[in-house]
Amino acid sequence: MFHDIPKEILDQMKVLEELDAQDRQDGTNQIKRLRQIPPETGKFIAIQAASVPEGAWVEIGTSAGYSALWISLAAKLKKEKLFTYELLQDKVALAKNTFKQTKVTEVVELVHGDARGHVGHYEEIAFAFLDSEKEMYEEFYDLIVPLLVPGGLLIADNFLSHEEYLAPLKAKAEGDERIDSVIVPIGRGLLLSRKV
């Protein structure tokens with residue numbers, strides 16, 4: 001999966017990494033708050049996605065499409081399709097360009113809109129990556145967990161960088177008998193939850 005990443009994907013990842021670094025440093029790029037995952041998080045979620053059973057794949061919070069590029073590597077391997085949701089028009093435009101440049105549209109479908117109006121329509125979810133506004137996390141957790149297939153994964157970012165804010169959801173996940181959960185100290189901290 002990582003040994004033969006197409007050049008156009010590697011090139012676009014580099015462009016997005018530079019945009020994100022510039023935004024974090026001085027806020028001068030045209031799209032504010034990309035706040036995308038670091039490469040090690042991308043590799044981790046791709047490896048996890050490659051191990052899930054059959055079912056729908058969803059991402060909530062596309063931003064510029066960086067994490068979707070990592071997930072697309074697993075989707076291509078597993079012959080699955082990732083449905084990725086983004087609310088903000090400027091980020092949708094950037095993500096459309098990302099997916100066009102990298103030729104991943106056969107395995108990634110971008111949906112411009114609020115995922116809360118869509119997630120409940122999936123009958124079975126095998127993989128979900130959550131990286132949106134943190135105040136929406138618990139609502140998405142409550143929508144996704146009942147739809148996870150046995151062995152399905154929900155991965156949510158920022159559980160170390162926003163540790164205090166997300167502590168109640170961490171405690172909720174750890175006490176939820178439907179799933180096994182652990183905080184993985186990669187990047188900004190991931191909540192990894194697997195449906196039992």
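Me: Between which two elements does the loop that holds Ser63 lie?
Reply: This is a predicted model: local features need pLDDT of at least 70, side-chain atom pairs count only at pLDDT 80 or more, and totals for chains, interfaces and linings use all residues. Residues are numbered from 1 along each chain as its sequence is written, and side-chain values use heavy atoms, without hydrogens and water. Helices (H or I, at least four residues) and strands (E, at least two) are DSSP runs, numbered from the N terminus. On that count, the loop of Ser63 lies between strand 1 and helix 3 (66–78).

Me: What is phi of Ser63, a residue that is not a glycine?
Reply: Most residues other than glycine have a negative phi. Ser63 is not a glycine, yet its phi is positive, at about 55°.

Me: Is Ser63 buried or exposed?
Reply: Buried means under 20% relative accessible area, exposed over 50%, and partly exposed in between (1.4 Å probe, protein chains only). Ser63 has a relative accessible area of 10%, so it is buried.

Me: Is Lys79 buried or exposed?
Reply: Lys79 sits in the loop between helix 3 and strand 2 (82–86). Its phi is also positive, near 60°, and it is not a glycine. Its relative accessible area is 74%, so Lys79 is exposed.

Me: How many helices and strands does the protein have?
Reply: Walk along the sequence. The pattern is α-α-β-α-β-α-β-β-α-β-α-β-β. The total comes to six helices and seven strands.

Me: What radius of gyration does the protein have?
Reply: Start from a rule, taken over C-alpha atoms: 2.2 Å times the number of residues to the power 0.38. For 196 residues, a compact globule would come near 16 Å. The protein agrees with that, at 16 Å.

Me: What percentage of the 196 residues count as buried?
Reply: Take the overall extent to begin with. The C-alpha trace spans about 45 × 35 × 30 Å along its principal axes. Of the 196 residues, the buried share is 52%.

Me: What part of the accessible surface belongs to carbon and sulfur atoms?
Reply: Accessible areas come from the Shrake-Rupley method with a 1.4 Å probe; for residues, only the protein chains shown count as cover. The accessible surface of the protein is about 9,400 Å². The part that belongs to carbon and sulfur atoms is 52%.

Me: Among contacts between residues at least 6 apart in sequence, what share joins residues at least 24 apart?
Reply: Contact means heavy atoms within 4.5 Å. Count the contacts between residues at least 6 apart in sequence. The share that joins residues at least 24 apart is 74%.

Me: Which residues does Val58 contact, leaving aside neighbours within four places in sequence?
Reply: Val58 is found in strand 1. It is buried, with a relative accessible area of 0%. Leu82 is 24 residues away in sequence, but 5.6 Å away in space, C-alpha to C-alpha. The contacts of Val58 are Leu82, Phe83, Tyr85, Tyr122, Ile125, Phe127, Ala128 and Phe129.

Me: How large an arc do the buried residues of helix 5 cover around the axis?
Reply: In helix 5 (residues 137–144), Tyr137, Phe140, Tyr141 and Ile144 are buried. They lie on the same side of helix 5, because their arc is only 105°. The arc is that of the directions from the helix axis to the C-beta atoms. The value for these residues is 105°.

Me: Which elements do the buried residues of helix 5 pack against?
Reply: The list holds both strands and a helix. The partners are strand 1 (56–60), strand 4 (125–130), strand 5 (148–157), helix 6 (163–175) and strand 6 (179–184).

Me: Which residues does Ser132 touch, not counting residues up to four places away in sequence?
Reply: Ser132 has its place in the loop between strand 4 and helix 5. Its relative accessible area is 14%, so it is buried. It touches Ile60, Tyr137 and Phe140.

Me: Which residues does Asp20 contact, leaving aside neighbours within four places in sequence?
Reply: Asp20 lies in helix 1. At 7% relative accessibility, it counts as buried. Its contacts are Leu34, Arg35 and Gln36.

Me: Is Gln25 buried or exposed?
Reply: Gln25 lies in helix 1 (residues 7–26). Asp23 lies in helix 1 too, and counts as buried at 8% relative accessibility. Gln25 has a relative accessible area of 69%, so it is exposed.
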